Amino acid sequence: MRKTIKVIIQDEDGNIRDSQYFDEFLRQPSIQQQMLMYGDTLLDILTQESQLSPSMGLNRVLTDNPHADASRMIGSIAESLVVKLCNESKEANRELGKWARGGTQTTATLDSYIAVATGSQKTKTSFRQWYNPSDTQKDVIWIKKDDTDHQLLCVKKRGSWASGKPAGLQVKASHDYKYVLSTIQNYHYPVLYFDLNNDWRDLARAMRSNGINNDLLHPDDIDG
């Protein structure tokens, strides 16, 4: 008898978005059911990036270093969230695009571009020419909306930057700023640091003490 009972999720107009037999739902709610019930952010991202198995396990190779594993996963999530926000918020897109291209002022030029993550499965599906998980410099780039074969370019020479080179941002997430400090000089692009241990200021202070002049962005900069 229980097999005839279903958990049904409808939209505001009463259209059925998804359904699942109640006993199956109790044993193992489908990913689609959980996405509809609990929001379209984290589960959406994990699903789009093929990081979730049907049993809601993680499709990742984990090591014996949980902090490093967590940092890598959160870094991947952060990249997707940055792209999502840039493509939903004109202000955020203009602000981060400004930094990515070496500009000094926000500009409407960015309204003609969309952000994509170079290591994202979504990019691999939709913009395969820009899929490059081995890119050690640019986690996020911008491509032209009406001509996706063209990237946003830097606007001027600054330090080691050259005008006309592809614009981009590097996204880092860590529980310890020292891990970022040890490699940040290797990046030619601005670094957006998600400080899992609230140590962004410690990193900024350490960079100044060591004479490191790379552009360091705070997550609050995403909102423009």
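**Cores and surface of a predicted chain**

Mentor: In this predicted model, 43% of the chain's 224 residues count as buried.

Trainee: How many helices and strands does the chain have?

Mentor: The chain has 8 helices and 8 strands.

Trainee: Which residues touch the most other members of the largest nonpolar core?

Mentor: Those are Val82, Leu96, Val140, Trp142, Leu169, Phe194 and Ile222, out of 23 residues in that core.

Trainee: And which elements give two or more residues to this core?

Mentor: Two helices do, H4 (66–88) and H5 (90–100). The strands are S3 (113–117), S4 (140–144), S6 (170–174) and S7 (191–195).

Trainee: Where does the largest share come from?

Mentor: From H4, with 4 residues.

Trainee: OK, rings now. How many aromatic pairs does the structure hold?

Mentor: It holds 0.

Trainee: Then which ring has a charged end over it?

Mentor: The ring of Tyr189. The charged end of Lys165 sits 4.2 Å from the centre of that ring.

Trainee: Switching to contacts: what share joins residues at least 24 apart?

Mentor: 46%, counted among contacts between residues at least 6 apart in sequence.

Trainee: Last one, the surface. What does the accessible surface come to, and how much of it belongs to carbon and sulfur?

Mentor: About 12800 Å² for the chain, with 47% belonging to carbon and sulfur atoms.

How values were computed
Residues are numbered from 1 along each chain as its sequence is written. This is a predicted model: local features need pLDDT of at least 70, side-chain atom pairs count only at pLDDT 80 or more; totals for chains, interfaces and linings use all residues. Side-chain values use heavy atoms; hydrogens and water are left out. Rings of Phe, Tyr and Trp (its six-membered ring) pair if their centres lie within 6.5 Å; planes under 30 degrees apart count as stacked, over 60 as edge-to-face and the rest as tilted. A charge sits over a ring if NZ of Lys or CZ of Arg is within 6 Å of the ring centre and within 35 degrees of the ring normal. A nonpolar core is a set of buried Ala, Val, Leu, Ile, Met, Phe, Trp, Tyr and Cys residues joined through side-chain atoms within 4.5 Å. Buried means under 20% relative accessible area, exposed over 50%, partly exposed in between (1.4 Å probe, protein chains only). Contact means heavy atoms within 4.5 Å. Accessible areas come from the Shrake-Rupley method with a 1.4 Å probe; for residues, only the protein chains shown count as cover.
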